[in-house]
Amino acid sequence: MDEVIDFIIKNKNYYPEYLEKDRLKKCICGYTCAVNQIYCYLKKIDIKKTEYYNFYKICCKHFELQNKKIIEVGCGYIPILASIFKESNYNIIAIDSKILITNYKNVLTLEHDLSKKFNLSNYDLVVGFRPCNITENIIDMCDKYKKDFIIYLCPCIHVPKDKNIVISSYQDWLNYIIKKVKILNILR
């Protein structure tokens, strides 16, 4: 645990929210994706017992990954999920607006704010593990470029792009995203 806290303090420009209101004490067993990534990076947990590895197995079950160009969107500061794909010899890159550990385990990383446009035309599959506030943008980009995607949603409530929609609970957000994906699938 001390190593995790030391890592956060050393990289305080990436993790300023953990230095507020004594949040460091909540990092004991992981707390957010950012902290869970640190646990994985420092090898404080068996990667095969993580949500990242479980999500990777789900991706393998539902998609043919051989000879595919895969992009992990919203990879976070440390591209843990992409590294699992890479270690299994899949062709993957990872992208986020800010990456602390670039090219982790030979994963090519790109820094780009996905709330802005990004060309997905060169990729076959888009994977996202809790991409948080860029989730809807990612879905829209996947639709625009007609890309298959799989997203593990974060537990946050977000403001939809459609300002006529009122989201007041997490269930509202889930329903909104599910409806949007169903409509996009129908239009395909």
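**Contacts and helix packing in a predicted model**

Q: Leaving aside its neighbours within four places in sequence, what is Ser83 in contact with?
A: Ser83 is in contact with Tyr104, Lys105 and Val107, once neighbours within four places in sequence are left aside. Keep in mind that this is a predicted model.

Q: Where does Ser83 lie?
A: Ser83 lies in helix H4.

Q: Is Ser83 buried or exposed?
A: Ser83 has a relative accessible area of 3%. The cut-off for buried is under 20%, so Ser83 counts as buried.

Q: Which backbone oxygen does the side chain of Ser83 reach?
A: The side chain of Ser83 reaches the backbone oxygen of Ile80, at 2.6 Å.

Q: And what separates the C-alpha atoms of Ser83 and Thr109?
A: Those two C-alpha atoms are separated by 11 Å, and the residues are 26 residues apart along the chain.

Q: Back to the helix. How many residues of H4 are buried?
A: Six of the eight residues of H4 are buried, and the helix is mostly covered.

Q: Which ones?
A: The buried residues of H4 are Ile80, Leu81, Ala82, Ser83, Ile84 and Phe85.

Q: What do the buried residues of H4 pack against?
A: They pack against helices H2 and H3, and against strands E1 (69–73), E2 and E4.

Q: Take H3 out of that list. At what angle do H3 and H4 pack?
A: Helix H3 (residues 51–62) and helix H4 (residues 80–87) pack at about 55°, and their axes are 9 Å apart.

Q: What does that make H3 and H4 to each other?
A: With that angle, H3 and H4 are oblique to each other. The crossing of H3 past H4 is right-handed.

Q: Which residues make the contact?
A: On the H3 side, Tyr52, Tyr53, Phe55, Tyr56 and Cys59 make the contact, and on the H4 side, Ile80, Leu81, Ile84 and Phe85.

Q: How many of those are nonpolar, polar and charged?
A: The contact of H3 with H4 has nine nonpolar residues, no polar ones and no charged ones.

Q: Why would residues three or four places apart on a helix point the same way?
A: An α-helix has 3.6 residues a turn, so residues at that spacing point the same way.

Q: What comes after H4?
A: H4 is followed by Asn89, whose phi is positive, near 65°.

Q: New topic, H1 and H2. At roughly what angle do their axes cross?
A: The axes of helix H1 (residues 2–10) and helix H2 (residues 33–41) cross at roughly 115° and come within 10 Å. H1 passes H2 in a right-handed crossing.

Q: Which residues make that contact?
A: H1 contributes Val4, Phe7 and Ile8, while H2 contributes Val35, Ile38, Tyr39 and Tyr41. By type, the residues of this contact of H1 with H2 are seven nonpolar, no polar and no charged.

Q: Where does Gln37 lie?
A: Gln37 lies in helix H2.

Q: Buried or exposed?
A: Gln37 is buried, with a relative accessible area of 5%.

Q: Which backbone oxygens does the side chain of Gln37 reach?
A: The side chain of Gln37 reaches the backbone oxygen of Cys75 at 2.7 Å. The backbone oxygen of Ile78 is reached at 2.9 Å.

Q: What else is Gln37 in contact with?
A: Leaving aside neighbours within four places in sequence, the contacts of Gln37 are Tyr52, Cys75, Gly76, Tyr77, Ile78 and Ile80.

Q: Now the loops. Where is Asn106 found?
A: Asn106 is found in the loop between strand E2 (91–96) and strand E3 (108–111). Its relative accessibility is 64%, so Asn106 counts as exposed.

Q: What is phi of Asn106?
A: Phi of Asn106 is near 70°, a positive value in a residue other than glycine.

Q: And what is phi of Cys132?
A: Phi of Cys132 is near 60°, again a positive value in a residue other than glycine. Cys132 has its place in the loop between strand E4 (125–129) and helix H5 (135–144). At 27% relative accessibility, Cys132 counts as partly exposed.

Q: Last one, Asp140. Where is its place?
A: Asp140 is in helix H5. Asp140 is partly exposed, at a relative accessible area of 22%.

Q: What is Asp140 in contact with, leaving aside its neighbours within four places in sequence?
A: Asp140 is then in contact with Lys161 and Lys180. The C-alpha atoms of Asp140 and Leu184 are separated by 8.9 Å, with the two residues 44 residues apart along the chain.

Methods: Residues numbered from 1 in each chain as written. Predicted model: local features only at pLDDT ≥ 70, side-chain atom pairs only at ≥ 80, totals over all residues. Heavy atoms only, no water. Axes fitted to C-alpha atoms, helices over the stretch in contact; angles between N-to-C directions. Helix = DSSP H or I, 4+ residues; strand = E, 2+ residues; numbered from the N terminus. Parallel < 35°, antiparallel > 145°, perpendicular 65-115°, else oblique. Left-handed = near helix turned anticlockwise from the far one by under 90°. Contact = heavy atoms within 4.5 Å. Nonpolar A, V, L, I, M, F, W, Y, C, P; charged D, E, K, R; others polar. Buried < 20%, exposed > 50% of the residue type's maximum accessible area, 1.4 Å probe, protein only. Polar contact = N/O pair within 3.5 Å; in protein donor to acceptor, adjacent residues only side chain to side chain.
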